[in-house]
Amino acid sequence: MKAWPWTALLHCILVSGLIVEAIEPLSTTLLLGTGAAMLGRKIYRYLYETCDKDWVNFNATGLKYDLDTKLYGQHVAAQVIMKAVTGFMKNENPKKPLVLSLHGWTGTGKNFVSQLIAENIYEKGMSSSFVHLFTATAHFPHEMHINTYKSQLQEWVRGNVSICPRSMFIFDEMDKMHPGLIDSIKPYLDFYDHLNGVSYRQAIFIFLSNAGGENIVQVALDFWRDGREREEMQLKDLETALTLSVFNNRNSGFWHTSLIDKNLVDFFVPFLPLEYKHIVQCGLSEMVSKGHVPDKEVVEMMAHDLNYFPKEERVFSMQGCKIIPSRLDFYV
């Protein structure tokens with residue numbers, strides 16, 4: 001019977017032990033004990049996810065490739081995400097956690113970008129035990145329990161960062177989050193070396209929200225009506241209006257929050273409304289993921305039947321790419 005690799009290695013250690021034992025029994029015992037312990041640790045790390053470089057290791061080249069080839073129509077978001085995540089992950093001693101707030105209409109790529117970030121940091125991607133996804137309507141549904149939610153959220157963040165300092169926390173549906181809830185984790189996002197013996201400075205917090213989407217759309221429409229290229233838009237054209245609208249919006253999850261007031265959000269990342277050509281790109285990618293040969297004619301037929309605005313000009317998609325997986329099945 002063919003031996004497993006670690007069985008063969010242990011066999012070598014035992015054989016070596018028999019030879020050494022004739023000379024120095026104590027050394028043999030130490031060798032066997034140390035060898036078995038080291039072997040056990042290697043096997044454990046191979047089989048079970050641990051918070052070390054075998055499982056948590058940033059791939060900057062992979063993230064850039066994914067943002068360049070898989071994210072459509074989001075040149076501003078791609079540039080900000082790449083610089084923010086790369087700078088943070090290469091800093092061995094950051095002064096605070098990385099805090100990103102992604103904003104835009106549904107279907108523009110916010111969840112997808114969160115997934116890409118996770119896949120290029122954690123070996124198991126979104127399935128990693130060090131990536132934690134919270135959805136407002138699922139995890140914090142009842143306003144009457146907000147004090148309980150605050151306590152539970154604090155304990156969850158504290159406990160998991162204690163286990164792995166490089167933990168990632170994603171909060172989806174921030175626009176449905178009860179006002180004040182997210183302030184409960186404010187101390188963990190601040191410039192503290194340690195809080196009760198725990199350092200949060202290597203963690204990543206990502207907030208996803210539809211709030212501010214109207215402001216982003218308005219800027220995109222203004223650029224289009226002025227005859228300016230979409231690619232001319234920069235973060236500075238969007239960030240100030242976006243920040244103010246989120247801070248003053250009772251339904252943003254950030255209403256008058258100290259996270260904004262104390263400048264603890266590193267970047268408010270705008271996701272632009274998608275155009276017809278971007279919907280076609282998403283459709284072709286979806287066909288490949290479903291195992292079909294890409295058929296541009298079929299995808300264009302599907303894209304044409306979707307809703308766009310303004311109504312007459314049909315410039316921007318109302319649903320974005322989120323609806324494509326289900327819609328495409330109807331046309332294939």
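Tutor: The expected span of a helix is 1.5 Å times one less than its number of residues. The structure discussed here is a predicted model.

Student: What span should helix α9 have, and how far apart are its end C-alpha atoms?

Tutor: Helix α9 covers residues 213-225, which is 13 residues. At 1.5 Å a residue, the helix should therefore span 18 Å. This agrees with the separation of its end C-alpha atoms, which is 18 Å.

Student: Which residues of α9 are buried, and what covers them?

Tutor: An α-helix has 3.6 residues a turn, so residues three or four places apart point the same way. In α9, the buried residues are Gly213, Ile216, Val217, Val219, Ala220, Leu221 and Phe223. Their cover includes β1, α10 (235-247), β5 (267-270), β6 and β7 (316-317).

Student: Which residue with a positive phi follows α9?

Tutor: The phi of this residue is near 75°. The residue that follows α9 with this positive phi is Gly227.

Student: How are the rings of Trp105 and Phe309 arranged: stacked, edge-to-face or tilted?

Tutor: A search of the whole structure finds ten aromatic pairs. In the pair of Trp105 and Phe309, the ring centres are 5.0 Å apart and the planes stand at 45°. Planes under 30 degrees apart would count as stacked and those over 60 as edge-to-face, so the pair is tilted.

Student: Where in the chain do Trp105 and Phe309 lie, and how many residues apart are they?

Tutor: Trp105 belongs to the loop between β1 (98-103) and α5 (110-119), whereas Phe309 belongs to strand β6 (residues 308-309). The pair thus links distant parts of the chain, with a separation of 204 residues.

Student: Which residue has its charged end over the ring of Phe191?

Tutor: The charged end in question is 6.0 Å from the centre of the Phe191 ring. The residue is Lys96.

How values were computed:
Residues numbered from 1 in each chain as written. Predicted model: local features only at pLDDT ≥ 70, side-chain atom pairs only at ≥ 80, totals over all residues. Heavy atoms only, no water. Phe/Tyr/Trp six-rings, centres within 6.5 Å; stacked < 30°, edge-to-face > 60°. Helix = DSSP H or I, 4+ residues; strand = E, 2+ residues; numbered from the N terminus. Lys NZ or Arg CZ within 6 Å of the ring centre and 35° of its normal. Buried < 20%, exposed > 50% of the residue type's maximum accessible area, 1.4 Å probe, protein only. Contact = heavy atoms within 4.5 Å.
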